[in-house]
Amino acid sequence: MAIATINPTTGETVKTFEELSEAEVQRKIGLAYERWRTYRATGFEERAEWMRAAADLFEKEADLSAELMTTEMGKTLASARSEALKCAHGMRYYADHAAGFLADEPLADPSRVGARRALGRYQPLGPVLAVMPWNFPMWQVMRFAAPALMAGNVGLLKHASNVPQCALYLQDVFRRAGFPEGCFQTLLVSSRQVEPILRDPRVMAATLTGSEPAGRSVAAICGDEVKHTVLELGGSDPFVVMPSADLERAAATAVEARVQNNGQSCIAAKRFIVHTDVFDAFTDRFVSRMRELTVGDPFEASTDVGPVATEQGRADIEEIVDDAVSAGATVLCGGQRPDGPGWFYPPTVITGITRDMRIYLEEVFGPVASLYRVGDIEEALEIANATTFGLGSNAWTDDEAEQERFVSDLEAGQVFVNGKTVSYPELPFGGIKRSGYGRELSAHGIREFCNLKTVWIG
Ligand code: NAP
């Protein structure tokens with residue numbers, strides 16, 4: 001994909017960018033490595049000061065960065081603004097807590113290992129490459145950058161090709177906040193150029209948030225190079241509704257959970273699995289709320305759902321929906337692209353899904369909900385766990401025994417009971433199965449890119 005800002009609301013190319021030359025990539029990796037050798041010796045207080053200054057910039061310039069996000073990938077302006085503020089919150093969280101998360105871990109009784117002192121010490125690894133997606137163009141990067149920089153690593157960002165202005169803004173914020181030159185650099189490169197960067201001995205580790213094929217490719221190269229990776233990949237999160245659930249709240253949350261970010265969130269609920277006793281009552285509420293959503297210009301305050309970010313993205317959604325419909329699924333609302341410019345797709349609910357349809361197993365990255373009727377909790381769990389993904393999961397029930405059952409048996413990195421999956425700096429975030437491995441956020445996220453060095457002093 002060419003590196004360009006293409007406004008998904010209109011389909012117009014706003015600005016194009018040259019890919020970095022090989023020599024320029026080499027220079028930037030060299031700068032990152034040299035910078036790391038001095039940056040690693042800075043203290044938590046100094047890094048925290050720069051990180052808080054970056055948070056201040058994010059807050060002050062929320063309107064500006066929101067406009068960039070909405071122009072480049074089509075999320076509503078209000079959600080883009082919240083994303084900018086969430087970044088500031090995440091940066092302050094790591095500024096406040098990094099020193100505690102990475103404090104030495106002394107062994108209480110070192111004599112047991114024959115030492116006078118024994119401890120675990122967290123040390124930075126070096127330059128880390130982050131390959132990032134466009135769907136939360138600031139927040140996804142911040143989830144990597146804030147902990148990585150606070151730990152004493154330096155960052156190289158290969159952002160998605162359709163959000164170059166967001167990528168350059170991020171580099172600029174860290175520079176203006178006072179981080180020494182080279183601590184955080186954006187590389188305007190295509191995915192083709194990623195392999196040599198990963199193989200460069202000065203790049204110590206990598207993190208990728210994106211699709212399964214991209215994750216597989218990066219992990220294979222890093223496996224070959226024996227470099228640590230974190231993968232945050234796709235998801236097809238279940239949203240189970242049992243008879244004791246508050247149906248009004250469940251239906252309202254289901255809509256938010258499905259259409260947030262124009263339906264393009266890894267942790268969006270995508271499969272709605274509803275007990276037969278409340279299926280009709282839930283479906284009426286859910287479908288009527290989906291129908292009421294306003295689809296349109298994401299810059300307009302009245303818009304709930306903007307366009308899909310790319311033309312290909314919309315074509316992918318259409319293919320999966322058409323496959324289900326031609327195999328006998330029923331469309332309860334939506335299901336047809338509107339006429340006119342831009343890559344819009346309406347909020348859609350599909351039911352009557354069978355195992356041979358692509359939608360049963362694959363992630364739909366747009367505002368399309370699959371709806372399943374189940375007879376009991378066993379069948380609910382069977383369908384919930386039937387995908388190859390295991391990122392987030394949601395269960396709605398007021399029955400405590402059922403809540404425990406879902407917490408225990410949903411195959412996912414996260415389970416939210418009577419709520420929707422959300423990322424908070426305070427909570428670990430990540431998946432199992434083909435949703436990836438490793439964890440972002442919380443204390444776990446900052447430790448991913450550290451060497452936990454065992455220290456034994458006799
Ligand atoms: P994508 O195509 O995998 O792109 C993500 C990033 O990977 C982009 O920077 C892309 O660069 C790069 N890339 C693609 N192929 C690559 C390759 N072979 N080698 C190296 N880099 C490569 O993902 P997408 O379709 O844009 O994003 C949606 C996916 O991301 C969904 O599956 C979604 O669930 C997942 N996601 C997961 C999380 C999470 O936290 N688990 C969060 C957000 C999104 P180019 O743009 O230049 O191709």
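Residues are numbered from 1 along each chain as its sequence is written. In this predicted model local features need pLDDT of at least 70, side-chain atom pairs count only at pLDDT 80 or more, and totals for chains, interfaces and linings use all residues, while side-chain values use heavy atoms, with hydrogens and water left out.

Student: How many residues of helix 5 are buried?

Tutor: Helix 5 covers residues 139-150; helices are DSSP runs of H or I with at least four residues, strands are runs of E with at least two, and both are numbered from the N terminus. Buried means under 20% relative accessible area, exposed means over 50%, and partly exposed lies in between, with a 1.4 Å probe and protein chains only. Among the buried residues are Trp139, Phe144 and Met150. Helix 5 is largely enclosed by the rest of the structure, because the buried residues number 12 of the 12.

Student: Which residue takes a positive phi just after helix 5?

Tutor: Helix 5 ends at residue 150. The phi angle in question is about 100 degrees, and the residue that takes it is Gly152.

Student: Which residue forms a salt bridge with Glu61?

Tutor: A salt bridge is a side-chain nitrogen of Lys or Arg within 4 Å of a carboxyl oxygen of Asp or Glu. In this pair the N to O distance is 2.7 Å. Glu61 lies in the loop between helix 2 (44-60) and helix 3 (62-73) and its partner in helix 6 (residues 164-177), so the pair ties together parts that are 115 residues apart in sequence.

Student: How far apart are the closest N and O atoms of Arg405 and Glu378?

Tutor: Arg405 is in helix 14 and Glu378 in helix 13 (residues 377-384), so this pair links distant parts of the chain, 27 residues apart. Arg405 is partly exposed at 27%, as is Glu378 at 46%. The closest N and O atoms are apart by 2.9 Å.

Student: Where in the chain are Glu34 and Arg37, which form a salt bridge?

Tutor: The closest N and O atoms of Glu34 and Arg37 are 3.7 Å apart. Glu34 is partly exposed at 47% relative accessibility, and Arg37 is partly exposed at 48%. The two residues are 3 residues apart, about one turn of the helix, and both lie in helix 1 (residues 22-39).

Student: How many salt bridges does a search of the whole structure find?

Tutor: Some salt bridges are linked in a network, which joins Glu61, Asp172, Arg175 and Arg176. For the whole structure, the search finds 31.

Notes. The expected span of a helix is 1.5 Å times one less than its number of residues.
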